[in-house]
Amino acid sequence: MVMKCFLTVAILACFIHHSAQAAVIYSGLQNIAIPTTFDGVYINIDNAATSTSTITGWDLNPFFGGAGIANSPSFQPARTGTANNDPLVSFAPGALISGALNFSSGYGGAGDPVSYLGTDPGQFAVGQEEYLGFRFTTDTSSGPYYGWMHVIFTNDTAGSVIKDWSYDDSGAAINIPAAAPEPGRSMFLMLGGVGVCLRRRRVAFARKS
């Protein structure tokens with residue numbers, strides 16, 4: 001029992017140590033449905049809180065299934081220009097989100113409610129998985145940080161969701177992932193990391209002995 005407790009503590013300590021060094025913050029899978037109403041859904045990027053009415057610290061407010069989007073000063077989506085109502089830009093997997101993109105300031109909207117929806121390059125294809133880039137400041141005024149958000153927008157119909165998001169809390173640019181990791185591979189890598197951690201601890205313990 002003592003050995004099991006020791007191993008559990010060692011594994012947790014290893015994960016905590018590596019987590020503390022991580023610069024990329026990932027929301028986890030959220031799948032936040034976007035209502036087809038004018039109220040839409042308010043989202044706080046810091047804590048993933050959502051509401052159909054205004055909440056403290058809200059960052060993004062998509063509505064009409066994604067055919068309309070409002071943003072607070074703390075959350076600036078990448079746009080075709082620097083005006084606070086210029087169309088949002090869709091990014092492909094692998095794209096780099098950085099300060100070289102166009103961002104606005106203050107409260108913003110999406111201009112013409114459907115100007116960023118369509119089949120042209122840089123537009124969000126209705127009903128398809130796409131990515132938007134953003135510049136973000138936390139509720140405690142840390143940042144700005146750069147991130148991506150995985151979305152499906154519709155033109156005022158059901159099926160629109162905010163799937164997940166990520167940002168780099170070091171302020172560095174961030175790449176949109178080329179593909180989601182396979183569950184089996186993720187588990188393999190995690191177990192491999194645990195093995196390395198425990199092996200290093202055994203070596204260190206042996207040297208002390």
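User: What share of the 209 residues of the protein chain counts as buried?

Analyst: The share is 38%, where buried means under 20% relative accessible area, exposed over 50% and partly exposed in between, with a 1.4 Å probe and protein chains only. This is a predicted model, in which local features need pLDDT of at least 70 and side-chain atom pairs count only at pLDDT 80 or more, whereas totals for chains, interfaces and linings use all residues. Residues are numbered from 1 along each chain as its sequence is written, and side-chain values use heavy atoms, with hydrogens and water left out.

User: Why does F134 count as buried?

Analyst: F134 has 0% relative accessibility; the limit is under 20%, so F134 counts as buried. F134 is found in strand β10, residues 129–136. Strands (E, at least two residues) and helices (H or I, at least four) are DSSP runs numbered from the N terminus. Ring pairs also link F134 with F75, F136, Y145 and Y167 into a cluster.

User: What makes the pair of Y42 and W58 edge-to-face?

Analyst: Rings of Phe, Tyr and Trp (its six-membered ring) pair if their centres lie within 6.5 Å; planes under 30 degrees apart count as stacked, over 60 as edge-to-face and the rest as tilted. By this rule there are 15 aromatic pairs. The centres of Y42 and W58 are 5.3 Å apart and the planes stand at 85°, so the pair is edge-to-face. It links distant parts of the chain, with Y42 in strand β3 and W58 in the loop between β4 and β5, 16 residues apart. Y42 counts as buried because its relative accessibility is 15%, and W58 counts as buried because its value is 15%.

User: How do you know that D59 has no salt bridge?

Analyst: A salt bridge needs a side-chain nitrogen of Lys or Arg within 4 Å of a carboxyl oxygen of Asp or Glu. For D59, which is buried, the nearest side chain of opposite charge is R135, 12 Å away. Lys and Arg count as positive and Asp and Glu as negative; His and the chain ends are not counted. D59 lies in the loop between β4 and β5.

User: What makes β5 and β6 paired strands?

Analyst: Two strands pair if DSSP finds at least two bridges between them. Four bridges join β5 (residues 60–63) to β6, and the two run antiparallel. P62 stands opposite I69 in β6. The two strands form a hairpin with four residues between them.
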